[in-house]
Amino acid sequence: MSSYNNNTCYDEARRVAIFGGTHGNEMSGVTLVNLWVKNGTEIQRKSVETKAFITNPKAVEKCTRYVDTDLNRAFTPENLSAPEGHDLPYEVRRAQEINRIFGPKGSPDAYDVIFDLHNTTSNMGCTLILESSKDHFNLQMMNYIKKAIAPASCLVLLNEHPLLKYSTSRSVAKHPVGLEVGPQPQGVLRSNIFEAMRVILKHALDFIQLFNEGMEFPPCMVEVFRALERVDYPRDANGNIIAMVHPNLQDGDWEPLNPGDPLFQTFDGKTIHYQGSSTVYPTFINEAAYYEKQQAFVTTRRETLVASAIRKA
Ligand SMILES: CC(=O)N[C@@H](CC(=O)O)C(=O)O
Ligand SMILES: [Zn+2]
């Protein structure tokens, strides 16, 4: 990346990967990627070599999130540099393998773009997940996709928080993009969710093709939701959950949550209210996979980012 004439220059994105099955029970990504592994016509673009890849085949076979440990948390420097051996958890070995094929993470040899396909049980609709507010290539891509799918909509979750951030499979690439579409139960395929995911991928690949052809993208504004805080379920002294997501909050992903609004409902019918002092936008509300992570939802703040003009170097 370099700056020149107010244009931010990025290298052409010639090597692109689409990951499915990072979580083996998120069926839209698993199914699309399996389809594209068999026949990649739909994801081919003239200037791009796109590789469809199942990241956690053992978990896909068992239709479970993971076998030993969450693959989408496994791409830490410690894991990636751990001495190889059969005593390592399956997903850590797999992370090392993925890092060899698509990385090394942080190096010039890494893939240009990795799309990682996920489903959520939350009512999030189409959500693109970014890890950096400074990646103008990705911000321009978000703007392009939003315009292309209108009047349908997709939102951008920015996960840049030093403590909330985790080491994702896609983080191996120079430009990591998560795609999270829901609601879809674990192990279930829903046609509307599957098609929504497919359409986003189509526009994302079109954007990359246009960029590689030399199209210049003028500065633009991108609305994002910045991850602020994880909120756990209320628990008793033994750590057992004592309340559920309140009916007013359930399925209200991305809707404003104001001080005093209901959050949880205890099993004996009491309401627990939001004690914060400002309006936030909750998401990943009641995500099935996050019970083990002790997380009922994530709060976010709405921000408008400015994406600089970009063109190819
Ligand atoms: C429900 C789910 O798996 N969500 C993803 C979000 C992401 O890809 O960043 C995860 O926790 O890994
Ligand atoms: Zn997932």
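This is a dialogue on how to read some features of a predicted model.

Colleague: Which residues does UniProt list for the succinylglutamate desuccinylase/aspartoacylase catalytic domain?

Modeller: The record, an unreviewed entry, lists residues 13-208 for "domain: Succinylglutamate desuccinylase/Aspartoacylase catalytic". In the predicted model, that span is 35% helix and 19% strand, and its end C-alpha atoms lie 7 Å apart.

Colleague: Where does UniProt place the feature "domain: AstE/AspA barrel-sandwich hybrid"?

Modeller: At residues 222-301, again according to an unreviewed entry. The span is 0% helix and 36% strand, with 14 Å between its end C-alpha atoms.

Colleague: What span should helix α6 have, and what do its end C-alpha atoms show?

Modeller: The expected span comes from 1.5 Å a residue, counted over one less than the number of residues. Helix α6 covers residues 191-213, which is 23 residues, so it should span 33 Å. The distance between its end C-alpha atoms is 33 Å, in agreement with that value.

Colleague: Which residue follows α6, and what is its phi?

Modeller: Gly214 comes after α6, and its phi is positive, near 110 degrees.

Colleague: What should I expect of phi and of peptide bonds in general?

Modeller: Most residues other than glycine have a negative phi, and most peptide bonds are trans.

Colleague: Which residue other than glycine has a positive phi near 75 degrees?

Modeller: Trp254 has that value. Trp254 sits in the loop that runs between β10 (243-245) and β11 (262-266).

Colleague: Where is the cis peptide bond with omega near -5 degrees?

Modeller: It runs from Gly103 to Pro104. Pro104 belongs to the loop between α4 (90-102) and β5 (113-119). Another cis bond joins Gly182 to Pro183, with omega near 10 degrees. Pro183 is in the loop between β8 (175-182) and α6.

Colleague: How many residues surround ligand 1, and which are the closest?

Modeller: There are 14 residues around ligand 1, and the closest are Asn72, Arg73, Tyr166, Arg170 and Tyr290.

Colleague: How far is a polar side-chain atom of Asn72 from an oxygen atom of ligand 1?

Modeller: For a polar contact, look for a pair of N or O atoms within 3.5 Å. Asn72 has a polar side-chain atom 2.7 Å from an oxygen atom of ligand 1. For Arg65, a side-chain N or O atom is 2.9 Å from a ligand 1 oxygen. For Glu26, the distance from a polar side-chain atom to an oxygen of ligand 1 is 3.2 Å.

Colleague: How much of the accessible area of ligand 1 does the protein cover?

Modeller: On its own, ligand 1 has 330 Å² of accessible area, and the protein covers 100% of it. The space that ligand 1 takes is the largest cavity.

Conventions:
Residues are numbered from 1 along each chain as its sequence is written. Chains are lettered from A and ligands numbered from 1 in the order in which they are written. This is a predicted model: local features need pLDDT of at least 70, side-chain atom pairs count only at pLDDT 80 or more; totals for chains, interfaces and linings use all residues. Side-chain values use heavy atoms; hydrogens and water are left out. UniProt positions are given in the numbering used here, feature names are shortened, and annotations may be inferred rather than shown by experiment. Helices (H or I, at least four residues) and strands (E, at least two) are DSSP runs, numbered from the N terminus. A residue is near a molecule or strand if one of its heavy atoms lies within 4 Å of it. A polar contact is a pair of N or O atoms within 3.5 Å; within protein, one must be able to donate a hydrogen and the other to accept it, and residues adjacent in sequence count only if both atoms are side-chain atoms. Accessible areas come from the Shrake-Rupley method with a 1.4 Å probe; for residues, only the protein chains shown count as cover. On a 1 Å grid over the protein atoms alone, a cavity is a set of points where a 1.4 Å probe fits but cannot get out, and a pocket is an open set with protein on both sides within 12 Å along at least five of seven lines; lining residues have an atom within 4 Å of a point. A molecule sits in a cavity or pocket if more than half of its atoms lie within 2 Å of its grid points.
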